[in-house]
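Subject: Structure handover

Hello,

Please find the structure below. My notes on the sheet, the helices, the core and the ring contacts follow it.

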Amino acid sequence: MRLKVVAALGMVALLSACAHDNANTGASNGAASTQPTISGPVPGSEADLVANVGDRVFYDLNKSGLRDDAKETLQKQADWLAKYPQVNVEVAGNCDDRGTEEYNIALGQRRANAARDYLVAKGVASSRISTISYGKDRPTALGDDEDAWAQNRNAITSVK
């Protein structure tokens, strides 16, 4: 019983400490700071790309041609990259776990190249984009069903 009372008093003390307003705002004239606080991902960061644009495009089985939904995402990536010209990216091509290692490495490279070529065609300097193929070695979804395989047939753009 005592332990419950002590724990409850401790929680009250913690909550009241968290709710305490600090009278010192850091401004010598007593005015509150007018600098905006940044919330959300840092502009131009990997988190910004993922949250506001999308970092991956998907492919059909044994294909490296871009689907319409992939082109939409890549257009957003090209616009985002134009906004942040200091950012370089890597496009990683991936496959599901069916097929040989050699086949999947080659297919993953064709997928990464297709995404890179689209970005370059939209005005992104090729020197800002590197590509790599992981084949079937880095699945994003686990499982041996069509849903998992579809998620793993992708190209993922990441900030370098």
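Predicted model: local features only at pLDDT ≥ 70, side-chain atom pairs only at ≥ 80, totals over all residues.

A residue is called buried under 20% relative accessible area, exposed over 50% and partly exposed in between, with a 1.4 Å probe and protein chains only.

Residues are numbered from 1 along each chain as its sequence is written, and side-chain values use heavy atoms, with hydrogens and water left out.

Rings. Rings of Phe, Tyr and Trp (its six-membered ring) pair if their centres lie within 6.5 Å; planes under 30 degrees apart are stacked, over 60 edge-to-face, and the rest tilted. The structure holds one aromatic pair. W80 and Y84 form this tilted pair, with 5.1 Å centre to centre and 55° between the planes. A charge sits over a ring if NZ of Lys or CZ of Arg is within 6 Å of the ring centre and within 35 degrees of the ring normal. R98 has its charged end over the ring of W149, 3.7 Å from the centre; for R138 over Y134 the distance is 3.9 Å.

Sheet. Helices (H or I, at least four residues) and strands (E, at least two) are DSSP runs numbered from the N terminus, and two strands pair if DSSP finds at least two bridges between them. Four strands make an open sheet with mixed pairing, in the order β1-β4-β2-β3. β1 (56-58) and β3 (129-135) are the edge strands; each has a single partner strand, so one side of each lacks a neighbour in the sheet. β2 and β4 (residues 154-159) run antiparallel and are joined by five bridges, with S158 in β4 as the bridge partner of E90.

Helices. Contact means heavy atoms within 4.5 Å. Axes are lines fitted to C-alpha atoms, for helices over the stretch in contact, with angles from 0 to 180 degrees between N-to-C directions. α3 lies across β1, β2 and β4, at about 160° to β1. α4 packs on the sheet and touches β2, β3 and β4, its direction making about 155° with that of β3.

Core. A nonpolar core is a set of buried Ala, Val, Leu, Ile, Met, Phe, Trp, Tyr and Cys residues joined through side-chain atoms within 4.5 Å. The largest has 22 residues, of which Y59, L66, L74, W80, L81 and L119 touch the most other members. α3 (68-83), β2 (89-94) and α4 (101-121) each supply at least two residues of this core.

Regards
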